[in-house]
2 protein chains.
Amino acid sequence: MVTRAEAVTRRLREAILAGGYEPGARLSEVALAEGMAVSRTPVRAALSVLFAEGLLDYEPNCGYVVRRISRDDAAHIYTVRATLEGLAARLAAEIGLGDVERTGFEAILGEMEQLVSGDTWEADQRQRWGELNIAFHGAICAATRNDYLAASIQRTRTLPVLTERGLRTFFAEQAVVWWDRAAYRRSQDDHLDIGEAILARQGARAEAVMREHIERAGRLIHRKLAIRSEALLALP
Amino acid sequence: MVTRAEAVTRRLREAILAGGYEPGARLSEVALAEGMAVSRTPVRAALSVLFAEGLLDYEPNCGYVVRRISRDDAAHIYTVRATLEGLAARLAAEIGLGDVERTGFEAILGEMEQLVSGDTWEADQRQRWGELNIAFHGAICAATRNDYLAASIQRTRTLPVLTERGLRTFFAEQAVVWWDRAAYRRSQDDHLDIGEAILARQGARAEAVMREHIERAGRLIHRKLAIRSEALLALP
DNA sequence: CATTTGCAGGTTGTGTACAAAATGAGCATG
DNA sequence: CATGCTCATTTTGTACACAACCTGCAAATG
């Protein structure tokens with residue numbers, strides 16, 4: 001059975017990552033408790049967990065607020081993520097994929113290629129592409145057989161960033177509304193190179209391409225955030 | 001003011017990392033509460049935080065136990081740590097040290113060299129060397145100006161491993177009782193190379209040496225754990 | 001004899017009352 | 001007008017009572 005604390009944790013985490021709360025928003029225990037029809041106890045437990053995960057800031061006797069991540073923080077996180085995903089790609093190449101893994105891996109890449117080179121590019125296709133992108137990176141993580149590495153990468157992908165809409169988490173496919181179609185094409189080319197390198201057991205090449213692949217996404221978001229910051233400064 | 005929950009968290013964390021509780025030990029809420037003369041509430045908060053940090057395992061309605069990390073887990077963690085510390089060394093070299101940083105850095109290296117090439121090698125000298133080792137790696141982290149990276153590295157160093165004595169955390173200097181003096185000398189040679197590379201702004205060299213430096217420590221611990229496992233199996 | 005079912009004991013999960021601390025409004029004072 | 005103080009309000013921190021749940025054992029049942 002799931003405890004209420006767990007249920008509240010999951011609901012809150014998803015709400016935050018989906019952008020239901022603005023970064024900087026105060027999370028009042030009583031308000032959340034009433035909203036979810038539980039007492040403050042499970043809410044407190046959930047908040048402490050999300051704080052430990054890095055989604056919230058906390059000040060004793062002052063409460064929890066949704067963490068606001070600065071442009072520099074985002075750049076720092078992307079630096080780490082690029083390195084870790086590069087490591088994962090290299091390990092996957094060095095260890096090699098089993099037959100089942102290989103089949104699934106090629107299926108993911110094939111469907112992505114089909115999507116991105118299709119005639120239309122509607123919202124549901126972009127979303128499907130995002131799912132496949134997650135699956136692609138997840139497959140590489142899984143192939144390393146290193147749970148700690150997979151968890152570390154996962155952490156870098158689930159931190160909310162200052163946003164009004166669209167750019168909810170660092171995981172690039174959540175931010176796709178920012179991208180033009182050429183960026184998808186470029187991203188897909190990277191994926192093809194990475195997949196090829198891994199299947200050919202070329203560890204160094206897989207690592208280098210993956211690293212650059214992530215760092216490019218980081219630069220893109222860094223630039224987008226700059227534009228947003230200027231826009232905010234230009235207000236009243 | 002610090003809340004009781006924070007105080008309990010700190011005390012518990014230190015106790016676990018110092019080896020006060022065997023991996024696998026159950027942490028009863030009431031027992032801890034009585035032992036620290038607080039109610040169960042702050043104890044529960046502390047346990048949930050330590051669980052999120054990865055120091056504890058948790059099963060609903062069943063309680064918390066000190067996490068037991070397998071040999072493979074240890075190897076996985078060291079792989080990630082070697083990569084991250086390598087990244088830190090490279091960034092430190094690329095960014096460069098300020099005058100104050102550089103002075104402190106050289107002081108640390110100098111004292112370590114003096115210690116390890118001295119005539120005696122007693123317990124307090126080994127401990128001092130351990131402190132300086134922490135300071136050395138910490139200085140490199142700080143020089144990157146990347147808090148997320150520093151936190152990620154810190155996490156890899158604070159996970160307890162199966163042990164009876166000596167080998168409490170993965171941070172090698174906690175495990176020094178396992179090493180002979182030659183290992184310290186070798187470690188110090190690495191430090192000197194890394195320091196030289198960073199000061200000379202040789203990023204790739206700093207990264208490579210640091211990576212190997214950490215991976216060697218990982219292999220050492222992996223081997224030690226193997227010996228311990230055999231010893232355990234050999235018991236009645 | 002094996003299986004199950006019920007009970008007792010202990011542990012964790014939740015609700016709630018109260019204490020302690022921070023916040024903010026209003027007012028006095030320089 | 002700015003500053004600092006007091007006090008009410010709000011929010012969080014803690015304690016504790018009770019409910020829900022797991023565990024082990026023993027007795028009943030087939």
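Q: Is E85(A) buried or exposed?
A: Buried means under 20% relative accessible area, exposed over 50%, and partly exposed in between, with a 1.4 Å probe and protein chains only. E85(A) has a relative accessible area of 1% and is buried. This is a predicted model, where local features need pLDDT of at least 70, side-chain atom pairs count only at pLDDT 80 or more, and totals for chains, interfaces and linings use all residues. Residues are numbered from 1 along each chain as its sequence is written, chains are lettered from A and ligands numbered from 1 in the order in which they are written, and side-chain values use heavy atoms, with hydrogens and water left out.

Q: Where does E85(A) sit in the chain?
A: Helices (H or I, at least four residues) and strands (E, at least two) are DSSP runs, numbered from the N terminus. E85(A) belongs to helix α4 of chain A, residues 71-95.

Q: Which residues is E85(A) in contact with, leaving aside its neighbours within four places in sequence?
A: Contact means heavy atoms within 4.5 Å. For E85(A), the partners are H137(A), I153(A), R157(A), M210(A) and I214(A). The side chains of E85(A) and R157(A) also make a polar contact at 3.3 Å. A polar contact is a pair of N or O atoms within 3.5 Å; within protein, one must be able to donate a hydrogen and the other to accept it, and residues adjacent in sequence count only if both atoms are side-chain atoms.

Q: How many aromatic pairs does the structure hold over all chains?
A: A pair of aromatic rings is described by the distance of the centres and the angle of the planes. Rings of Phe, Tyr and Trp (its six-membered ring) pair if their centres lie within 6.5 Å; planes under 30 degrees apart count as stacked, over 60 as edge-to-face and the rest as tilted. The structure holds twelve such pairs over all chains. One of them joins W121(A) and Y184(A) edge-to-face, with 4.7 Å between centres and 70° between planes. W121(A) is in the loop between α5 (99-116) and α6 (123-143) of chain A, while Y184(A) is in helix α8 (residues 181-199), 63 residues apart. W121(A) is buried at 13% relative accessibility, and Y184(A) is buried at 0%.

Q: What kind of pair do W129(A) and Y184(A) form?
A: W129(A) and Y184(A) are edge-to-face, 4.9 Å centre to centre, with 85° between the planes. W129(A) is in helix α6 and Y184(A) in helix α8 of chain A, so the pair ties together parts 55 residues apart in sequence. W129(A) is buried too, with a relative accessible area of 1%.

Q: How many residues surround DNA strand C?
A: A residue is near a strand if one of its heavy atoms lies within 4 Å of it. For DNA strand C there are 22, and the closest are R4(A), S39(A), T41(A), R44(B) and Y58(B). N61(B) brings a polar backbone atom to 3.3 Å from a phosphate oxygen.
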